[in-house]
Amino acid sequence: MSIEVDARGLSCPEPVLMTMRQLNAIPSGTIKVLVSNAAAEENVSRLAENKGWKVKTEKDGKDIILILTK
């Protein structure tokens, strides 16, 4: 199962809350999270890792793409 969370342009805690909803909704799979600032990248990564998800980070211009897998 693959889900995308578009949190670009949002300030924390909104990207974290949006991601948490998806992490709680599926037990495993892939979640692609799009953010646009380093604070959101760090906070979403920390949340995912604390819940046992692996995090891969990619850059696409100004956007940061977090690929969460479990």
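This note reviews the sheet, the helices and selected residues of the structure above.

1. Basis of the note. The model is predicted, so that local features are given only at pLDDT of at least 70 and side-chain atom pairs only at pLDDT 80 or more, while totals for chains, interfaces and linings use all residues. Residues are numbered from 1 along each chain as its sequence is written, and side-chain values use heavy atoms, leaving out hydrogens and water.

2. The sheet. An open sheet is formed by 4 strands in the order S1-S2-S4-S3, with mixed pairing. The edge strands, each pairing on one side only, are S1 (2–6) and S3. From one strand to the next the twist averages 20°. Strands (E, at least two residues) and helices (H or I, at least four) are DSSP runs, numbered from the N terminus. Two strands are taken to pair if DSSP finds at least two bridges between them.

3. Strand S4. S4 (residues 63–69) has 6 of its 7 residues buried and is therefore largely enclosed by the rest of the structure; buried means under 20% relative accessible area, exposed over 50%, and partly exposed in between, with a 1.4 Å probe and protein chains only. S4 pairs with S2 (residues 30–35) in the antiparallel sense over 6 bridges. S4 also pairs in the antiparallel sense with S3 (residues 54–60), over 7 bridges.

4. Within S4, Ile65 is the residue opposite Leu34, and Ile67 is the residue opposite Lys32. Asp63 of S4 is the bridge partner of Asp60. The hairpin of S3 and S4 has 2 residues between the strands, and Gly61 there takes a positive phi near 65°.

5. Lys32. This residue belongs to strand S2 and counts as partly exposed because its relative accessibility is 30%. Apart from neighbours within four places in sequence, Lys32 contacts Ile3, Glu4, Val5, Ile65, Leu66 and Ile67; contact means heavy atoms within 4.5 Å. Ser2 lies 30 residues from Lys32 in sequence, yet their C-alpha atoms are 7.5 Å apart.

6. Helices on the sheet. Helix H1 lies across S1, S2 and S4 and runs at about 165° to S1. Helix H2 lies across S2, S3 and S4, running at about 0° to S4. Axes are lines fitted to C-alpha atoms, for helices over the stretch in contact, and angles between N-to-C directions run from 0 to 180 degrees.

7. Helix pair. H1 (residues 14–25) and H2 (residues 38–50) pack at about 25°, their axes being 9 Å apart. The two helices are therefore roughly parallel to each other; angles under 35 degrees count as roughly parallel, over 145 as roughly antiparallel, 65 to 115 as roughly perpendicular, and the rest as oblique. In this contact, Pro15, Val16, Thr19, Met20 and Leu23 of H1 meet Ala40, Asn43, Val44, Leu47 and Ala48 of H2. The contact residues comprise 8 nonpolar, 2 polar and no charged. Here Ala, Val, Leu, Ile, Met, Phe, Trp, Tyr, Cys and Pro count as nonpolar, Asp, Glu, Lys and Arg as charged, and the others, Gly among them, as polar.

8. Ser45. Helix H2 also holds Ser45, which counts as buried because its relative accessibility is 12%. Not counting residues up to four places away in sequence, Ser45 touches Val55 and Leu66.
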